[in-house]
Amino acid sequence: MKRPAIILLLIILALFLQGGFFIVSEGEQAIVTQFGRPVGDVRLAGLHFKIPFIQEIHSFERRILKWDGDPNQIPTKDKRYIFLDTTARWKISDPLQFFKTVGTESGALSRLDDIIDSVVRDAVSGHLLVELVRGKDYKPSLQSGDAAVEEIEIEGKPVDKSSLVGREEILEDILARARENTPEYGIDLIDVQIKRINYVDQVRQRVYERMISERKKVAAEFRSEGEGEKADILGQMQKELKTIQSDAYRLSVQIRGEADASATAIYAEAYGKDPEFYAFLRTLEAYPKTIQNNSRMVLSTDSDFYRYLKSLK
């Protein structure tokens, strides 16, 4: 009789011990409830004790969790409709408050949908499209002599560019405003980021047209600069060519003049030694140059051209 009783007692004790201890692993935290009412939280990893069959354990993540929102079509301040896809990182900072308010991670994600979506919608509708797609350190690349940057207007009124903010500042504002509502649920919102901005068809077409216009403008500036460089090069070339031709012509005239002067001096010297022989020689040189095949000459009988031929009779 004693042995079966001991065995039964050991079985009851084993069941009691099995239900009286629980393990919290790294990356987890737990809430202890008694008859459905939370009576404590456990944030340290390790082996812990609870009252068997009376208390229950609800485990939650201590690690950073991810929230992904659904892409929404939202109008910007300048009436441009865009699809905005956002994401956020969060963690459970107060498991007891978290259990009391949302209970589960799916419940927390549902609350984050409401909080973040509304804040993001307000932020997008309160800023221009250019502020959402550009960083705060964006600087337009201006070509030399080009001071024209596309003006931004809202309802026909120009916007002061110095008042524009960047995407980072908008995200910081979204995070600060969303954080105001998350502590009451035991949630710590770490950051909010924009995964993707996609334009609706009408806006996308306008963006493409604007991009094409800007690229054409830059291309026209490069072509204009190239034409200017070409004109300068051609002008310099023509100037150098004219200089070379002028120097060459001057040198040729100089050489020709010197040669003519030398030839004249030689002729004069030869003429001075024997004028009659020089005249005779020059006349003989003139005959083959003037009398050609099928050529006719009309001369008087007393012409000096045949003076030396007449003297041979």
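Which side chains meet in a salt bridge at 3.6 Å, N to O? Lysine 195 and aspartate 68 do. I'll come back to that pair.

Some ground rules. This is a predicted model, so local features need pLDDT of at least 70 and side-chain atom pairs count only at pLDDT 80 or more, while totals for chains, interfaces and linings use all residues. Residues are numbered from 1 along each chain as its sequence is written, and side-chain values use heavy atoms, with hydrogens and water left out.

Salt bridges, then. The term means a side-chain nitrogen of Lys or Arg within 4 Å of a carboxyl oxygen of Asp or Glu. By that rule there are nine salt bridges. Back to the opening pair, lysine 195 and aspartate 68, at 3.6 Å. Lysine 195 lies in strand 11 (residues 187-199) and aspartate 68 in strand 6 (residues 65-68), so this bridge ties together parts 127 residues apart in sequence. Helices (H or I, at least four residues) and strands (E, at least two) are DSSP runs, numbered from the N terminus.

How exposed are the partners? Lysine 195 is partly exposed at 46% relative accessible area. Aspartate 68 is partly exposed too, at 38%. The scale: buried is under 20%, exposed is over 50%, partly exposed is in between, with a 1.4 Å probe and protein chains only.

Arginine 177 bridges to aspartate 173, with the closest N and O atoms 3.8 Å apart. Both sit in helix 5 (residues 167-179), four residues apart, about one turn of the helix. Arginine 177 is partly exposed at 30%. Aspartate 173 is partly exposed at 33%. Bridges with shared partners also join Lys66, Asp68, Asp85 and Lys195 into one network.

One more bridge. Glutamate 61 pairs with arginine 63, closest N and O atoms 2.8 Å apart. Here glutamate 61 is buried at 19%, whereas arginine 63 is exposed at 52%.

Now threonine 87. It is in strand 8 and buried, at 15%. Which backbone oxygen does its side chain reach? That of tryptophan 67, at 2.9 Å. Threonine 87 also touches Lys66, Asp68, Asp191 and Lys195, among others, leaving aside residues up to four places away in sequence. Contact here means heavy atoms within 4.5 Å.

On to the interior. A nonpolar core is a set of buried Ala, Val, Leu, Ile, Met, Phe, Trp, Tyr and Cys residues joined through side-chain atoms within 4.5 Å. The largest one has 34 residues, and Trp90, Phe98, Ile116, Ile174 and Leu189 have the most contacts inside it. Strand 6, strand 8 (81-92), helix 3 (105-125), helix 4 (129-133), helix 5 and strand 11 each supply at least two residues. Helix 3 gives the most, with eight residues. Isoleucine 116 touches Trp67, Ala88, Leu189 and Val192, again not counting residues up to four places away in sequence. A second, separate core has five residues, including Phe22, Val24, Ala30 and Val32.

Last, the surface. Phe21, Ile23, Phe35, Leu47, Phe49, Ile51, Phe53 and Ile54 form a nonpolar patch with about 930 Å² of accessible area together. Strand 1 (21-24) and strand 4 (46-49) are the elements giving two or more residues. Such a patch takes nonpolar side chains (Val, Leu, Ile, Met, Phe, Trp, Tyr) joined within 5 Å, from residues with over 30% relative accessible area and no salt bridge. Areas come from the Shrake-Rupley method with a 1.4 Å probe. Phenylalanine 21, in strand 1, is partly exposed at 38%.

Conventions
Patches are made of residues with over 30% relative accessible area and no salt bridge: like charges are joined within 9 Å, nonpolar side chains (Val, Leu, Ile, Met, Phe, Trp, Tyr) within 5 Å. A polar contact is a pair of N or O atoms within 3.5 Å; within protein, one must be able to donate a hydrogen and the other to accept it, and residues adjacent in sequence count only if both atoms are side-chain atoms.
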